[in-house]
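Please look over the sequence and the 3D structure shown below before reading on. The briefing that follows goes through the structure topic by topic.

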Amino acid sequence: MTAQLNPCGDVAVLVPAAGAGIRLGPGAPKALRPLAGEPLLVHAVRRIAAAGSVHTIVVAAPAADVAAVAQLLAPVAPVTVVPGGAQRQDSVAAALAAVPDGPEIVLVHDAARALVPADLVESVAAAVRSGHDAVIPVLPVVDTIKEVSADEVVQGTVDRSVLRAVQTPQGFRRAVLAAAHAAAVDPLTDDAGLVEKRGVPVVCVPGSEYAMKITRPFDLALAEQLLTVRP
Ligand SMILES: Nc1ccn([C@@H]2O[C@H](COP(=O)(O)OP(=O)(O)OP(=O)(O)O)[C@@H](O)[C@H]2O)c(=O)n1
Ligand SMILES: C[C@](O)(CO)[C@H](O)COP(=O)(O)O
């Protein structure tokens, strides 16, 4: 059944999904590869659509697959699909440009984080709504972290108590994200980085193990197992 978005909601979610998935190995673009029989992107959009504040979803798909992705997602939720760009940041900018007037909170969520819980989408949105300009979900770092030289010789041990592993969805007041993208020069790996560069405080909220990023084959196998525990 097609999910209904909330016409009174204040949240637009941008889903960059135009990456190749090089680290996952040869095959279709990563967002279109199957997880338990359905493309990663379908899982991600279904979970985002289940979050009650979501008014709009915009997906940035590989340029060659825009029509196919629109067809794929039509039974899942009402979604706008735009062509992505060469870098993740270009894909986010393209999706942001397609957000209609209305939502004042914009979340950016990787299609690769296909098992994101709807309540994480809501908790990030709620933190922006409460007055923060930029909000990221994070997890503590559990491994000991070493700094190494180019030839892999340890230079020191980093204090992990001040480190966090950053996830998506990352949430922003719309004008803050738009200004950061308009001013962006070099590509960064996340949207919070663009906002940080402008001196805007970025606030952390607890992330979720389920919002893991499917990057390598092991992650895909792990996600398959997680789905058997919590569909
Ligand atoms: N030009 C790009 C590159 C990445 N992404 C998206 O950004 C998210 C996070 O990127 P990542 O997990 O690194 O995906 P890929 O770039 O596909 O992976 P790889 O680097 O292994 O090719 C993914 O949902 C991916 O589809 C995108 O929309 N446009
Ligand atoms: C946005 C992100 O998922 C936050 O952890 C991450 O930065 C994406 O990085 P990637 O190198 O494009 O996988």
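**The nonpolar core**

The largest nonpolar core has 65 residues, and those with the most contacts inside it are Val-15, Leu-41, Val-45, Ile-57 and Val-59. The largest share of this core, 7 residues, is supplied by helix H1 (residues 40-49). This is a predicted model, in which local features need pLDDT of at least 70 and side-chain atom pairs count only at pLDDT 80 or more, while totals for chains, interfaces and linings use all residues. Residues are numbered from 1 along each chain as its sequence is written, and chains are lettered from A and ligands numbered from 1 in the order in which they are written.

- Leaving aside neighbours within four places in sequence, Leu-41 is in contact (C-beta atoms, placed from the backbone, within 7 Å) with Ala-17, Ala-31, Leu-32, Val-59, Val-69 and Ala-111.
- In soluble globular proteins, nonpolar side chains tend to be buried together.

**The ligand surroundings**

- Ligand 1 is surrounded by 22 residues, the closest being Pro-16, Gly-19, Ile-22, Arg-23 and Ser-91; a residue counts here if its C-beta atom, placed from the backbone, lies within 6 Å of the molecule.
- The shell around ligand 1 consists of 10 nonpolar, 7 polar and 5 charged residues.
- Around ligand 2 stand Arg-88, Asp-110, Val-166, Gln-167, Thr-168, Thr-189, Asp-190, Lys-213 and Thr-215, which by class are 1 nonpolar, 4 polar and 4 charged residues.

**A hairpin and its turn**

- Strand S8 (residues 145-148) and strand S9 (residues 154-158) pair in the antiparallel sense over 4 bridges, where pairing requires that DSSP finds at least two bridges between two strands.
- Val-148 stands opposite Val-154 in S9, and the hairpin formed by S8 and S9 has 5 residues between the strands.
- Glu-152, found in the loop between S8 and S9, has a positive phi near 65 degrees and is exposed, with 7 other C-beta atoms within 10 Å.

**Other backbone features**

- Most residues other than glycine have a negative phi, and most peptide bonds are trans.
- Ala-36, in the loop between strand S2 (34-35) and strand S3 (38-39), has a positive phi near 50 degrees, and Ala-36 is exposed, with 12 other C-beta atoms within 10 Å.
- The peptide bond from Thr-168 to Pro-169 is cis, with omega near 10 degrees, and Pro-169 lies in the loop between strand S10 (164-166) and strand S11 (170-173).

Conventions
Nonpolar A, V, L, I, M, F, W, Y, C, P; charged D, E, K, R; others polar. Helix = DSSP H or I, 4+ residues; strand = E, 2+ residues; numbered from the N terminus. Core = buried A, V, L, I, M, F, W, Y, C linked by C-beta atoms within 7 Å. Buried ≥ 20, exposed ≤ 12 C-beta atoms within 10 Å, placed from the backbone. Contact = placed C-beta atoms within 7 Å.
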